[in-house]
Amino acid sequence: MKFLVFLEHHEGRLQKDALGLLSRAASLGDAEAVLLGSEVNELAAEAGKYGATRVHVDDDVLLDKALPQPRVDALETLLGNEQFDAVLFAASVLSADVAAALAARLDAGLNYDLTDLAVEDGKLVGKRPALGDSVYADVGWTSEPHLALVRSGTFEPKEAGGSAEVAPFESRFQDFSLAATMVEQAHEESEGPSIEDADVIVAAGRGLGGPDNFGLVEELAKALGGAVAATRAVVDAGWYPYSTQVGQTGKTVSPKLYVAVGISGAIQHKVGMQSSGLIVAINKDPNAPIFEYADFGVVGDLHEIVPKLTELVRARKAA
Ligand SMILES: Cc1cc2nc3c(=O)[nH]c(=O)nc-3n(C[C@H](O)[C@H](O)[C@H](O)COP(=O)(O)OP(=O)(O)OC[C@H]3O[C@@H](n4cnc5c(N)ncnc54)[C@H](O)[C@@H]3O)c2cc1C
């Protein structure tokens with residue numbers, strides 16, 4: 001089976017998830033990769049180490065900005081020149097845009113949010129979580145090429161030490177694809193560790209009562225040297241940024257300590273934090289579902305408990 005892996009890159013480095021996907025593809029068949037951007041030629045060699053036999057490169061200033069449509073044009077050009085059984089994308093905002101638009105352009109089926117890929121009886125099979133990640137479905141494709149978008153963090157890159165042939169190509173761009181320009185690309189500045197990297201997370205739910213009370217959990221997180229996360233109910237209400245949402249439609253985290261404050265513990269939240277080392281829940285309702293899977297539970301009003309807990313942590317640290 002011949003795979004084409006879309007290699008996303010950022011600040012001069014190939015994206016880890018894309019390299020993980022490349023390693024997986026190389027274990028399943030012949031893995032080639034496609035690299036698009038401006039001044040990216042040097043990155044192509046890197047892909048060989050992770051199993052790519054060939055890297056198709058379009059190094060073009062028109063691909064400089066992280067815009068999806070010119071990339072769809074580039075992939076359409078490449079797939080017009082060469083045949084692949086499957087085109088694989090590691091999920092990111094850009095890759096998801098490109099994969100979906102390519103599916104529409106080629107009238108090809110896209111399976112998304114996959115957590116595994118295998119070849120069975122010569123056919124590609126994807127694994128897709130459903131019903132809040134409580135069941136896994138095997139999915140296939142009925143059209144060619146098979147397009148797949150794989151969930152972030154699914155495959156670890158494995159350095160195999162090979163080298164790839166670099167194959168330059170020139171994309172045919174559509175006028176409408178070049179109509180959009182990137183005005184600005186900004187990264188949110190934040191203090192302390194991000195929720196993906198933090199060893200300690202203090203997460204807040206609707207029980208907090210309003211955005212003005214976030215100071216309570218921020219203080220506790222600061223005392224513990226951790227990051228603040230939130231439930232979907234909270235971010236949907238505009239109380240805290242979307243980037244902090246944990247759960248099925250948010251981020252998956254696995255800190256050593258997860259303190260859930262005023263969170264009911266819905267299944268869609270649970271799937272994003274259940275692999276945390278130690279789960280501590282603070283909730284005034286003794287029947288809240290979170291107590292079914294918390295290691296320690298405190299039943300009571302968070303407005304009384306959280307400031308006291310913060311004081312205790314501070315005092316212990318100062319001692
Ligand atoms: C398709 C889909 C995807 C979803 N994805 C996500 C997701 O990614 N992440 C996510 O979190 N949710 C997600 N949800 C929403 C999820 O179902 C829940 O609605 C949500 O997690 C509830 O958020 P919450 O715990 O903050 O609020 P609530 O369920 O309203 O819980 C608030 C809790 O606070 C407690 N409380 C209230 N006052 C106090 C107090 N003073 N002191 C102590 N405790 C108090 C209450 O007893 C209650 O248990 C999704 C839902 C759907 C349908």
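Predicted model: local features only at pLDDT ≥ 70, side-chain atom pairs only at ≥ 80, totals over all residues.
User: Why would residues three or four places apart point the same way?

Analyst: Because an α-helix has 3.6 residues a turn.

User: OK, zoom out. How many helices and strands does the protein chain have?

Analyst: There are eight helices and 17 strands in the protein chain. The C-alpha atoms fill a box of roughly 65 × 45 × 40 Å along the principal axes. The chain has 319 residues, and 46% of them count as buried.

User: And into which domains is the chain divided?

Analyst: Domain 1 runs over 2–178 and domain 2 over 200–318. Taken over C-alpha atoms, the centres of domain 1 and domain 2 are separated by 36 Å.

User: Ligand next. Which residues come nearest to it?

Analyst: The ligand has 25 residues around it, and the nearest are Arg-206, Thr-231, Gln-245, Thr-249 and Ser-264.

User: What is the make-up of that shell by class?

Analyst: Five residues are nonpolar, 15 are polar and five are charged.

User: Which helices each supply at least two residues of the shell?

Analyst: Those are α6 (232–236), α7 (267–273) and α8 (302–318).

User: What about backbone atoms? Take Leu-302: how far is a backbone N or O atom of this residue from a nitrogen atom of the ligand?

Analyst: That distance is 2.9 Å. A backbone N or O atom of Gly-262 is 3.0 Å from an oxygen atom of the ligand, and for a polar backbone atom of Gly-250 the distance to a ligand oxygen is 3.3 Å.

User: How much of the ligand's accessible area does the protein cover?

Analyst: The ligand on its own has 980 Å² of accessible area, and the protein covers 75% of that.

User: Back to Leu-302. Buried or exposed?

Analyst: Leu-302 is found in helix α8. Its relative accessibility is 6%. The limit for buried is under 20%, so Leu-302 counts as buried.

User: Where does Leu-302 sit relative to Ala-227?

Analyst: In sequence the two are 75 residues apart, and in space they are 18 Å apart, C-alpha to C-alpha.

User: While we're on α8, what does the side chain of Thr-310 reach?

Analyst: Thr-310 is placed in helix α8. Its side chain reaches the backbone oxygen of Val-306 at 2.8 Å. Thr-310 is buried, with a relative accessible area of 4%.

User: Switching to strands. In which strand is Ala-33?

Analyst: Ala-33 is in strand β4, residues 30–37. It is buried, at a relative accessible area of 0%. Ala-33 and Ala-164 are 131 residues apart in sequence, with 9.3 Å between their C-alpha atoms.

User: And Phe-3, which strand is that in?

Analyst: Phe-3 is in strand β1, residues 2–7. Phe-3 is buried, with 0% relative accessible area. From Phe-3 to Lys-127 there are 124 residues in sequence and 17 Å in space, C-alpha to C-alpha.

User: Is Glu-39 buried or exposed?

Analyst: Exposed, with a relative accessible area of 74%.

User: And where does Asp-121 lie?

Analyst: Asp-121 lies in the loop between β8 (116–120) and β9 (123–130). Asp-121 has a positive phi of about 50° and is not a glycine. Its relative accessible area is 80%, so Asp-121 is exposed.

Key:
Residues numbered from 1 in each chain as written. Heavy atoms only, no water. Near = heavy atom within 4 Å. Polar contact = N/O pair within 3.5 Å; in protein donor to acceptor, adjacent residues only side chain to side chain. Areas by Shrake-Rupley, 256 points an atom, 1.4 Å probe, with all protein chains shown as cover. Helix = DSSP H or I, 4+ residues; strand = E, 2+ residues; numbered from the N terminus. Nonpolar A, V, L, I, M, F, W, Y, C, P; charged D, E, K, R; others polar. Domains from an automatic or database assignment. Buried < 20%, exposed > 50% of the residue type's maximum accessible area, 1.4 Å probe, protein only.
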